[in-house]
2 protein chains.
Amino acid sequence: MKAWLISILVGGTAFAHAADPLPSWNDTAPKQSIISFVEKVTKDGASDFVPAAERIAVFDNDGCLWAEQPMYFQLFFAIDRIKALAPQHPEWKDKEPFASLLKGDTKAALAGGEHALAQIVMATHAGLTTEEFEKIVTDWISTAKHPKTGKLFTQMVYQPMLELLAYLRANGFKTYIVSGGGIEFMRPWTERVYGIPPEQVIGSTGGLKYEIRDGKPALVKLPEIAHNDDKDGKPIGIQRHIGRRPIFAAGNSDGDLAMLQWTAAGDRTNFCLYVHHTDAAREWAYDRESPIGKLDKGLDEANAKRWNVIDMKSDWNIIFPVTP
Amino acid sequence: MKAWLISILVGGTAFAHAADPLPSWNDTAPKQSIISFVEKVTKDGASDFVPAAERIAVFDNDGCLWAEQPMYFQLFFAIDRIKALAPQHPEWKDKEPFASLLKGDTKAALAGGEHALAQIVMATHAGLTTEEFEKIVTDWISTAKHPKTGKLFTQMVYQPMLELLAYLRANGFKTYIVSGGGIEFMRPWTERVYGIPPEQVIGSTGGLKYEIRDGKPALVKLPEIAHNDDKDGKPIGIQRHIGRRPIFAAGNSDGDLAMLQWTAAGDRTNFCLYVHHTDAAREWAYDRESPIGKLDKGLDEANAKRWNVIDMKSDWNIIFPVTP
């Protein structure tokens, strides 16, 4: 083929490749090491080369792809559901954690810890079909706003991470979410917001029952937890869903540590990244002492193992996408 | 662009498209209806069009993609493992189902039903790391032979189904296995044999535990069943792993009926297929009375709902791939 023809045909691609794939990242160490890693594993014939089929990248969601303060966004959803369902449950007026939630005292409601959380999740999920639940989430996520910023929750995703996801995919990576959040709370909107399809979302999972309802097959949500996709549950969720070890893992809390350890222990060249919340002005600043997204042991291990720790304040020039 | 240039650039594709994508299928009704379905859902702008992201196709494995007689191939594997492990378990000599298995009396061993099966599976899985288990399966599948045909088990896959998988993928479908078999028994070889990567294999799943072994993270198999991917478990497995309803489903037994019902009840144009084992000369002939791969209720429902029932004897001109 004539050179001018090749140039016409591949010109668009060549241009896109030359442009900065991570414009919201400052030219500090993390950006350089991400690009260097991607170039290494995609260079055919090099010792670090990883075949495209094995380029699995996993991302935590809360605090890693979108914000998580002052509490996990799924909790705002659950509280709105509790309020909507309260008229059908007069007994909740005297029963924790519902009583406190309905009075607006989230802190008291969550004092019951994981048990309280499980009760809230179950009360707001159980008995619904998967299709009913998907519709409820879709409606909520398109209208509910964050109490502090007034933004839609899906506008509180991190622009630099959106660029990172797209950059990895452009280089043959399959990008997954591996979150402690509910799998069916995330799936209705992750494709639109992150470019991650439902089958690449791994999360905490409730029981399901197959039954015929009104003559049609339905999957009904049960009040039980089938998989808790946090801490040790993350590598387990990865093994169940993917069956291959990732070569790229990103998280922001101690809940992601097992996932990063599992990734780092693979035979292939790999990359582990922690997002460190250091920017109280543009987002929130928290780590070792935070009740939400606590990063303590993980920070020590990241430092010891020289994983990449993103300092949000100095490494990112934008936090949230600029919305018109 | 000049017409001659377009012709050069797309010529190869046009040619491939014109060739018969299903040469091992006779020109009977099922082949015609598969091709007609694929053309309908891939024709942009038509009322039956389905976007590529939603073209999910699910296939049972045992009896649908490979043979399953005189017993599920995973059982041959389990028996070989029991024999290999027997010296470490002197107590098995007097304990069912192991005693009968070691004497070669599989029928007596399996008389204990699902409980016996679970004991065999647990004894051969538990305590191994996922990597150890993968290596054991990989070694076994590359050498073990079927007692009747003398073929490797991976040579007893159905050539017409391999063509169907490839044809669907060439038309933008994502192909999945949804099997009652063990997820980690299938994953080590499905990519090589079927072109289906591990992350698109759904199967019965054991418990896993994350732990640090010899200073390295490991996932250890536990003696418990986390998900039984048969009957009602199939639509549940599909929902958990994929989170979208398939538009194409293929099975061969009553164990696949819920999966086909779930697929058929979707809003999109869809296709349900049963492989009916009718060829005693080239394979096996069985249906309503068979202890393995029983097809009874499913056959009635397929007839009532006009699903596609493949008559292996008359619809397929080859059963197994021709091996050199």
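1. The contact between the chains draws on 26 residues from chain A and 26 residues from chain B. The structure is a predicted model. On the side of chain A that touches chain B, strand 3 (201-213), strand 4 (216-227), helix 10 (233-241) and helix 11 (257-264) of chain A each supply at least two residues. Helix 10 of chain A gives the largest share of that side, 5 residues. By residue type, the side of chain A that touches chain B comprises 14 nonpolar, 6 polar and 6 charged residues.

2. Arg213(A) belongs to strand 3 of chain A. Arg213(A) counts as exposed because it has 10 C-beta neighbours inside 10 Å, and the cut-off for exposed is 12 or fewer. The C-alpha atom of Arg213(A) is separated by 9.6 Å from that of Thr129(A), the two residues being 84 residues apart along the chain.

3. Strand 5 (residues 248-251) of chain A is covered on both faces. Phe248(A) and Ala250(A) are buried on one side, and Ala249(A) and Gly251(A) are buried on the other.

4. Strand 5 of chain A pairs with strand 1 (residues 56-59) of chain A in the parallel sense, over 3 bridges. Within this strand 5, Ala250(A) is the bridge partner of Phe59(A).

5. Strand 5 of chain A also runs parallel to strand 6 (residues 271-278) of chain A, and 4 bridges join them. Phe271(A), in strand 6 of chain A, is the bridge partner of Phe248(A). From strand 5 of chain A the chain crosses through helix 11 of chain A to strand 6 of chain A, forming a right-handed β-α-β crossover. Helix 11 of chain A is also among the elements that each supply at least two residues to the side touching chain B.

How values were computed: Residues are numbered from 1 along each chain as its sequence is written. Chains are lettered from A and ligands numbered from 1 in the order in which they are written. This is a predicted model: local features need pLDDT of at least 70, side-chain atom pairs count only at pLDDT 80 or more; totals for chains, interfaces and linings use all residues. Two residues are in contact if their C-beta atoms, placed from the backbone, lie within 7 Å. Ala, Val, Leu, Ile, Met, Phe, Trp, Tyr, Cys and Pro count as nonpolar, Asp, Glu, Lys and Arg as charged, and the others, Gly among them, as polar. A residue is buried if 20 or more other C-beta atoms lie within 10 Å of its own, exposed if 12 or fewer, and partly exposed in between; C-beta atoms are placed from the backbone. Two strands pair if DSSP finds at least two bridges between them. A crossover is right-handed if, with the strands pointing away from the viewer, the path from the first strand over the helix to the second runs clockwise.
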